[in-house]
Amino acid sequence: MQKNRIRYLDIYKGLGIVLVVLGHMEATPYFWKLLLNAFHMPLFFVAAGLLTGEGRLYERESGSVIRDRARSILIPYFWFSLIGILWDCAKEFFAPMPHSFTGISGKVWDAISFFGSSVLWFLPVFFVGATGYQLLRKKLAYPAALALLASLAVGLCAFKGVPGQAAGMEMSAGVFLLKLASTVLRGCMGMFFCALGEGMGILVRCLAERKWVLALAGAGLTGAGSWLAVVNVRVSGYPVSFCYMLLGNGALFILAALCLTGGTLFLCCLPGRFAPLEYLGKHSLAIMVTHLDMRVIYIAQKAGGLALAATGRLFIQHIALFAVMVILELFWIWLLNGCLGFLMGKRKNTGAQIVWKEERRK
């Protein structure tokens, strides 16, 4: 039984995961990374909030919401955290380096405290943000939820980054609680962007027949958001980072993220269909957990370097890098939708089980 999908939302998430990958590539210019950091993580919370509103997911039973989110987000988090730890153990075995075991123990500590390492920090934060918003909307009407979360976001802007101890490797009950609290705080900021996403969904619905308005609004908001992001970096003196809650000027961060996520969303509504980005959007979680933790970018960049050394042509390097990355990601998506589906929390359903679940929901 196929679920109805919102095409422009798949395009939106597909573009989002492309921006995430670009943000982690060495070849991406520094200026573009500054812009990406301003909104590419809030973008996924906006998508979750929009889906919550459009699909009326807040009407679902609370226990079912938590179970489904935990299976689809936290199970991949723990599996790929384990894979990352095993990668480091293998490196230590074949090429021992001073203090590397300390680093491995730090990754273990980060995993069990839900602080996360590498890009995996995003999964528990997204779980808190998306699940928390869905449960909050079950209790509050949209205007009340938006007002409450806007007030919370203003308070969170007072934080000047995740405390340094949370990124360290000390093992103590205090550090565990600090890491866990950092995840919850980042998730609360994510809840605010979920609320913004539901509001954007309402706007898209109202403007669906006025493509020219969406185009103008999308271009204008994207331009304004880019300018605000650059101003924020200049004012604060450092690149913003949602991961470490280094937001610079809080008002500028929120305005830049609002403009960039909203502008991008409006522009993604224009094509109607765009199969490549729709495909990436459907499998954005698989790409999120593999592009760094399964060394896809590393292998692709090595292949690009070999192509450059062999030909001396920069465009050949880029073609090789892109081709290898696409092939490897398609391979991982195929595996994670097939024999390795358990890594993503997927279960094989018989026809009887599907019918039973649908009847239960009714």
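Gly-312 follows helix H13 and has a positive phi, near 75°. The model is predicted: local features require pLDDT of at least 70, side-chain atom pairs count only at pLDDT 80 or more, and totals for chains, interfaces and linings use all residues. Residues are numbered from 1 along each chain as its sequence is written, and side-chain values use heavy atoms, with hydrogens and water left out.

**Helix H13: geometry**

- Val-296, Ile-297, Ala-300, Gln-301, Ala-303, Gly-304 and Ala-307 are the buried residues of H13 (buried means under 20% relative accessible area, exposed over 50%, partly exposed in between, with a 1.4 Å probe and protein chains only).
- These residues lie on the same side of H13, because they cover an arc of only 160° around the axis, taken from the directions from the helix axis to the C-beta atoms.
- Tyr-298, Leu-306, Ala-309 and Ala-310 are exposed on the other side of H13.
- The buried residues of H13 pack against helix H1 (7-23), helix H12 (284-290) and helix H14 (314-336).

**Whole protein**
- The protein has 15 helices and zero strands, assigned as DSSP runs numbered from the N terminus (helices H or I, at least four residues; strands E, at least two).
- Of its 362 residues, 48% count as buried.
- Among contacts (heavy atoms within 4.5 Å) between residues at least 6 apart in sequence, 79% join residues at least 24 apart.
- Carbon and sulfur atoms account for 70% of the accessible surface of about 18,100 Å², computed by the Shrake-Rupley method with a 1.4 Å probe.
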